[in-house]
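Reader: I am new to this structure and would be grateful for a close look at a single part of it. Could you first place that part within the whole, and then describe how its pieces are joined?

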Amino acid sequence: MQASDSRTSIGGIDVARIAELRESEAATFRKARPNSEAKVGNGMAGFLGGVPMHWMTDWPTPFPILVESAKGATITDADGNMLDDFCLGDTGSMLGHSPAAVARAIRRQSGRGLTYMLPSEDAIAIGPLLQQRFGLPYWQIATTATDANRFALRVARAVTGREKILVFNGCYHGSVDETMVRLIDGKPVNRPGLAGEFRDLTRATKIVEFNDIGALEAALGNRDVACVITEPVLTNSCMVLPEPGFHDALRRLTRAAGTLLLIDETHTISTGPGGYARKHGLEPDLFVLGKPVAGGVPASIWGMSEDVAALYGAYDRTKEPGYSGMGTTLSANPLQFAAMRATLEEVMTEAAYAYMDGLARRLDAGLTAVIDRHRLPWHVARVGARVEFICAPGPLRNGGEAEKAHAPELEAAIHVALVNRGVLIAPFHNMMLISPATKAAQVSRLITAFSAVAARLAA
Ligand SMILES: Cc1ncc(COP(=O)(O)O)c(C=O)c1O
């Protein structure tokens, strides 16, 4: 907390108590990790900022957890501490660490070449699997959800001949430049903190609040928006669920304006094997899914409707020759195909989701009971196997409210306190995922740990 911060409480908790918790939990964390601290406590040699990826130091722990191994829903660190993993690589390992079928497929493929810019037998199987599961007829493979979004937006602009896109405040779709805008005091601006961004991103990106049908209608009214890109539930701010009728209005208004609808299911795939869109009958023109789709091997998929494919075919036949701007060299490689096929066929099953959903309901109820018991002004939100506690009253209606609900200092203290009680949740928000490998006992341990931390904060 900064010295200038005059708040006496955050999320209903006295700031002095938060600071005290943070300090004592940091000491406990260190004490349990002498080996890790010796190795990474002062940064890792050779890496800018001491870490190979900058957000490893954004975790609220005093230094990054040095992982020895991860299996199922358990991480073991370099000091032998075991953690029930509810972060699951922020969804990359949502189906569990190294699912057996995926590990087998990787082993099998590893002797047959890892990348060759040509299809394999697994690729032949994947096309129909994607069609059946997600209900769209045409697909492409990329390596990250960021890239898939980028390519899908390129197609949207190509086929509509429009430059602008529209996002909802609080969105995150990966490091896709044009989605990096925010509404601050009602004004569209570049997202604060962007490094090296010299363009005014609001020139080509419109932004309105989620669940605000009137603002959406007004923004689409000029018929100059190529595509609305959104998650069906905002999961990258504090979780915001769609209000009844919002998705119907979104679809009706985009169609009326000749604007395409891109649904990014990278996180909401927690809803079911076909994602939120399939479960709730959304009808996206473009669809993106990354992170867990190949069981943790970097891969993403992006799909399009018959209409978009026809329009893109016509566009492609007439555009000037040259590189489309879509594709990266390692995309659609045989390792991705092998891992993705195993994931789709053997891991992302209806039965697995039914199990995940059951445990997620239990977690939701358990956390809610703790919040109620301590009369904390907090709430729990859930989309399928993704659960989040939010240190503010809810439900939240939009990204603006979500931004205000975010309580970084409090969340950081809780996060480290949970780690010290054997539980890992996502670092930048209080997100918890249930995987097919998560055990009921792990959920119970999380509820118990949360209860102990809440009791300490509320005492
Ligand atoms: C909804 C959504 N889309 C896309 C991405 C980008 O994924 P990646 O970082 O794997 O490119 C994220 C990452 O958190 C996300 O939450």
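Author: The chain has 14 helices and 18 strands, taken as DSSP runs (H or I of at least four residues for helices, E of at least two for strands) and numbered from the N terminus. This is a predicted model, in which local features need pLDDT of at least 70 and side-chain atom pairs pLDDT 80 or more, while totals for chains, interfaces and linings use all residues. Residues are numbered from 1 along each chain as its sequence is written, and side-chain values use heavy atoms, without hydrogens or water.

Along the principal axes, the C-alpha atoms fill a box of roughly 65 × 55 × 45 Å.

Met56 counts as partly exposed because its relative accessible area is 32%.

S3 pairs with strand S4 (residues 74-77) in the antiparallel sense, over 4 bridges; pairing requires at least two bridges found by DSSP. Ser69 has Thr76 of S4 as its bridge partner. Between S3 and S4 the hairpin has 2 residues, and Gly72 takes a positive phi near 60° there.

S4 is in turn joined to strand S5 (residues 82-85) by 3 bridges, and these two strands also run antiparallel. Here Thr74 has Asp84 of S5 as its bridge partner. This second hairpin has 4 residues between its strands, and Gly80 takes a positive phi near 85° in it.

Technical notes. Buried < 20%, exposed > 50% of the residue type's maximum accessible area, 1.4 Å probe, protein only.
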